[in-house]
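The sequence and model are shown first.

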Amino acid sequence: MTAEIICVGTEILLGNIVNTNAAYLAEKLAASGLDCYYQTVVGDNAERLAGVLKCAMERSDVILLSGGLGPTEDDLTKETVAKVCGKKLSVDDHSMERIAEFFAVRDIQPTENNWKQAMVPEGAKVLDNDNGTAPGIILETEKNRIVLLPGPPAELIPMFEQQVISYLDALTPGVICSRMVKLCGVSESQVEDTLKDLIDGQTNPTIATYAKTGEVHIRVTASGENAKAAGKTIKPIVKELKSRFGGDIYSTREETTLEMAVADLLLANDLTVTTAESCTGGMIAARIINVPGVSECYKAGLVTYSNKAKRKFLGVRKSTLDKYGAVSSKTAGEMAKGAALLLKADVAVAVTGIAGPDGGTEEKPVGLVYIGCCVKGELTVKEYHFSGTRSQIREATTSAALILMRSCILKYFSKVTFGKK
């Protein structure tokens with residue numbers, strides 16, 4: 001069966017909010033074994049929404065609509081769907097009771113337009129909303145299954161997971177399962193070139209790559225009569241990916257982030273860590289501290305933006321700054337060593353660079369960054385050239401610092417473990 005997503009809301013078209021609902025719903029449709037070929041965003045306009053819906057009903061079996069179920073005059077999704085499908089709206093007593101209870105519990109007096117949300121197309125199934133006042137709706141026609149969901153993600157997601165997934169799963173035989181393989185320190189073009197033979201010959205499972213800042217994620221997706229069968233099909237491909245990419249893979253778990261993988265590496269080896277940042281201004285520390293339980297290994301972070309701060313707190317020599325400048329390999333190395341010494345940390349990572357948009361020269365252009373990492377006294381410094389806006393350069397630097405830290409820790413323990421043999 002084919003599915004289609006229609007997200008309703010002028011605020012999405014204007015860019016006032018990011019359309020996260022479409023990404024969420026698309027992923028869930030795939031997991032339910034439904035092929036999603038179209039996504040549309042339409043504003044709060046009944047005529048345009050009707051046109052989009054009619055088109056969707058011609059080409060797709062299942063249609064998910066999000067947004068436009070609220071109490072205001074521009075919330076027109078339910079009314080438009082009912083009109084297009086030739087259905088009358090009538091009061092649903094169950095929804096009326098739930099809306100009244102919602103306001104009573106909060107000691108709020110509902111306005112007259114709130115009761116509009118209890119109007120339901122004839123023959124429709126009502127989906128209770130435990131996090132808001134707008135109920136969802138499933139409306140079946142001779143050809144289509146139309147699912148109406150509230151726009152706020154805090155309402156849409158629990159409603160979908162608790163009441164819609166089981167409905168969609170029953171529509172299709174078999175399941176679709178995915179496994180994510182996450183790499184860092186390699187480009188998407190390198191990954192695709194390495195996987196060209198697998199991608200060209202793919203049927204079931206399929207392989208797709210996704211580029212992120214400093215990372216590439218590979219999603220392996222397979223269909224099967226049940227989750228066990230689909231997982232069995234995925235397993236040999238994941239094994240082949242591990243063989244081809246080795247240490248570039250930092251996780252095969254969807255929920256694991258790069259900073260989580262670095263933190264796990266630190267904790268597993270009883271290592272303490274500190275950060276010394278200039279151009280990133282604390283972004284590396286923020287990524288690391290985002291990991292629960294990292295207080296066991298993270299000591300402190302320093303933002304040493306000025307030369308004076310680099311000298312005072314990190315012990316960067318005045319002669320180094322005078323001869324090589326704040327943005328240099330020498331300065332990054334002394335920052336890393338100084339941070340490790342000051343806080344008695346096993347691992348220290350330091351960054352210094354020119355994030356722009358000003359401050360670059362022909363010799364040292366915007367985007368030039370040096371990252372130093374000191375692991376148990378062993379120092380590594382690398383030079384990077386990033387491009388983009390100030391924000392993009394800082395984000396790229398942050399990811400690169402985490403990747404270098406991971407690489408240096410692995411290299412150190414590889415040397416300790418195998419170096420004497």
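In the class counts used below, Ala, Val, Leu, Ile, Met, Phe, Trp, Tyr, Cys and Pro count as nonpolar, Asp, Glu, Lys and Arg as charged, and the others, Gly among them, as polar. On that basis, the lining of the largest cavity divides into 2 nonpolar, 4 polar and 1 charged residues. The residues concerned are Ser-95, Arg-98, Ile-99, Asn-129, Gly-132, Thr-133 and Pro-135. The model is predicted.

**Domains**

The chain is split into domain 1 (2–171), domain 2 (175–251) and domain 3 (258–413). Between the C-alpha centres of domain 1 and domain 3 there are 47 Å. An unreviewed UniProt entry lists residues 4–171 as "domain: MoaB/Mog". That span is 40% helix and 22% strand, and its end C-alpha atoms lie 15 Å apart.

**Pockets and cavities**

The volumes and lining classes are set out here.

| Site | Volume | Lining by class |
|---|---|---|
| Largest pocket | about 430 Å³ | 11 nonpolar, 3 polar, 4 charged |
| Second largest pocket | about 360 Å³ | 10 nonpolar, 13 polar, 5 charged |
| Largest cavity | about 60 Å³ | 2 nonpolar, 4 polar, 1 charged |
| Second largest cavity | about 30 Å³ | 2 nonpolar, 4 polar, 3 charged |

The largest pocket has a volume of about 430 Å³. Its lining has 18 residues, of which Ala-26, Glu-27, Ala-30, Ala-31 and Arg-219 are the closest to its centre. Two or more lining residues come from each of helix 2 (20–31), strand 2 (35–42), strand 9 (175–184) and strand 11 (215–224).

For the second largest pocket, the volume is about 360 Å³. The lining is made up of 28 residues, and those closest to the centre are Glu-11, Gly-67, Gly-68, Gly-151 and Pro-152. Helix 1 (10–13), helix 2 and helix 6 (153–169) are the elements that each give two or more residues to this lining.

Around the second largest cavity are Asp-128, Asn-129, Asp-130, Asn-131, Glu-155, Pro-158, Met-159, Gln-162 and Gln-163. Asn-129 is listed in the lining of the largest cavity and also in that of the second largest cavity.

Technical notes:
Residues are numbered from 1 along each chain as its sequence is written. This is a predicted model: local features need pLDDT of at least 70, side-chain atom pairs count only at pLDDT 80 or more; totals for chains, interfaces and linings use all residues. Side-chain values use heavy atoms; hydrogens and water are left out. Domain bounds come from an automatic or database domain assignment. On a 1 Å grid over the protein atoms alone, a cavity is a set of points where a 1.4 Å probe fits but cannot get out, and a pocket is an open set with protein on both sides within 12 Å along at least five of seven lines; lining residues have an atom within 4 Å of a point. Grid points are joined across faces, edges and corners, and a volume is the space filled by probe spheres set on the points. UniProt positions are given in the numbering used here, feature names are shortened, and annotations may be inferred rather than shown by experiment. Helices (H or I, at least four residues) and strands (E, at least two) are DSSP runs, numbered from the N terminus.
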